[in-house]
Amino acid sequence: MDVVTVEKLTKNYGRRVGVEGLNLRVAEGTMFGFLGPNGSGKTTTMRVLLGFLNPSAGEARVFGMDCRRESEAIKAEVGYLPGDLRLPSWLTCREALRIFGRVRRRDLLTRGMRLAEEFGLDPDTRARVMSRGTRQKLGLVIALAHNPRLLILDEPTASLDPLMQDKLYVQLREAVRTGGTVLLSSHTLNEVEDLCGHVAILRNGRLVADESLEALRSKARRRITIRWRTDAGALPAPVDGVDWVKRDARQWRGVVRGPVTILLRWIAEQPVEDVSLESPDLAEIFRGYYV
């Protein structure tokens with residue numbers, strides 16, 4: 001089943017377009033990467049899904065419910081971390097869990113305190129003396145504490161150190177393993193590549209890509225470097241399927257655009273001293289949609 005369904009969604013801010021004609025589906029039990037440069041429409045889409053904004057046209061549904069008319073029921077099963085997290089200066093983790101527990105009519109203290117310990121968060125420190133990274137950890141605890149069916153996270157690792165990022169990744173993978181769904185917006189491309197099985201990319205409010213990581217990898221091109229034996233004599237003719245950027249008597253460098261198997265068979269028959277074949281660089285593909 002699709003947890004998120006967006007059809008022909010448009011949201012305008014006067015003359016400025018937030019998103020236009022957006023179609024999007026997020027399947028249950030997936031980690032879905034939502035990418036795009038600042039101002040591309042990611043946050044607008046998330047706010048529509050949560051009922052914070054009403055669309056100018058089109059439709060958005062979460063769990064099959066209309067995001068405009070049934071936002072209260074949707075929010076009960078969603079954990080949300082905004083990209084511009086703001087917290088009352090007096091708030092502590094313990095107080096936040098009690099307040100949100102009353103709102104959600106469930107006990108959040110037990111799981112929430114475990115999460116706070118995992119993230120190294122003092123449950124009684126007030127937000128006004130927290131660092132930006134510590135406030136981010138508090139926002140994550142609030143989003144995760146009720147075991148939501150859907151997590152909507154806008155730049156969740158901003159201000160987190162690498163150790164805390166790793167701890168968050170464990171929590172997100174566990175959420176998906178147990179049937180939850182994660183919609184993740186991030187500018188950290190390696191993070192998206194490591195976590196997500198599917199990505200959608202927005203640019204200027206429009207969807208420019210919506211496909212699996214496997215499909216993206218099939219488009220990514222590998223770089224190859226061949227170092228020849230100095231006693232090889234005459235070098236072979238270049239093989240098809242490689243765009244060579246350097247060829248001299250000692251070294252060839254290029255970009256593979258054909259099947260790797262054909263290239264490897266060709267290499268096995270040549271006077272090669274050493275060869276390196278780099279993994280596909282998905283970051284280049286992502287950036288190609290951004291510019």
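This is a predicted model: local features need pLDDT of at least 70, side-chain atom pairs count only at pLDDT 80 or more; totals for chains, interfaces and linings use all residues.
Trainee: In which sense do strand β3 and strand β9 pair?
Mentor: Strand β3 covers residues 31–35 and strand β9 covers residues 198–203, and the two are joined over four bridges. Within this pairing, Phe 32 stands opposite His 198 in β9. The sense in which β3 and β9 pair is parallel.

Trainee: Which residue in β10 does Ile 201 stand opposite?
Mentor: Strand β10, made of residues 206–212, pairs with β9 in the antiparallel sense, and six bridges connect them. In β10, the residue opposite Ile 201 is Ala 209.

Trainee: Which residue takes a positive phi in the hairpin of β9 and β10?
Mentor: The hairpin of β9 and β10 has two residues between the strands. A phi near 50 degrees, which is positive, is taken in this hairpin by Asn 204.

Trainee: How many charged residues are there in the contact of α4 with α6?
Mentor: Helix α4 (residues 109–118) packs with helix α6 (residues 162–177) at an angle of about 145 degrees, and their axes lie 11 Å apart. From α4 come Arg 111, Leu 115 and Glu 118, which meet Met 164, Lys 167 and Gln 171 in α6. Sorted by class, the residues of this contact comprise two nonpolar, one polar and, as the number asked for, three charged.

Trainee: Which element supplies the largest share of the lining of the largest pocket?
Mentor: The largest pocket has a volume of about 570 Å³, and its lining is made of 24 residues, with Lys 75, Val 78, Phe 100, Val 103 and Arg 104 nearest its centre. At least two lining residues come from each of α2 (71–75), β6 (78–81), α3 (93–104) and α5 (132–144). The largest share amounts to four residues, and the element that supplies it is β6.

Trainee: How many residues in the lining of the largest pocket are nonpolar?
Mentor: The lining of the largest pocket includes three polar and five charged residues. The nonpolar residues of that lining number 16.

Trainee: How many polar residues does the lining of the second largest pocket have?
Mentor: The second largest pocket holds about 240 Å³ of space, and 16 residues line it, among which Asn 38, Gly 39, Lys 42, Thr 43 and Thr 44 lie nearest the centre. Both β2 (16–27) and α1 (42–49) supply at least two residues of this lining, and the largest share, four residues, comes from α1. Besides two nonpolar and five charged residues, the number of polar residues in the lining is nine.

Key: Residues are numbered from 1 along each chain as its sequence is written. Side-chain values use heavy atoms; hydrogens and water are left out. Two strands pair if DSSP finds at least two bridges between them. Axes are lines fitted to C-alpha atoms, for helices over the stretch in contact, and angles run from 0 to 180 degrees between N-to-C directions. Contact means heavy atoms within 4.5 Å. Ala, Val, Leu, Ile, Met, Phe, Trp, Tyr, Cys and Pro count as nonpolar, Asp, Glu, Lys and Arg as charged, and the others, Gly among them, as polar. On a 1 Å grid over the protein atoms alone, a cavity is a set of points where a 1.4 Å probe fits but cannot get out, and a pocket is an open set with protein on both sides within 12 Å along at least five of seven lines; lining residues have an atom within 4 Å of a point. Grid points are joined across faces, edges and corners, and a volume is the space filled by probe spheres set on the points.
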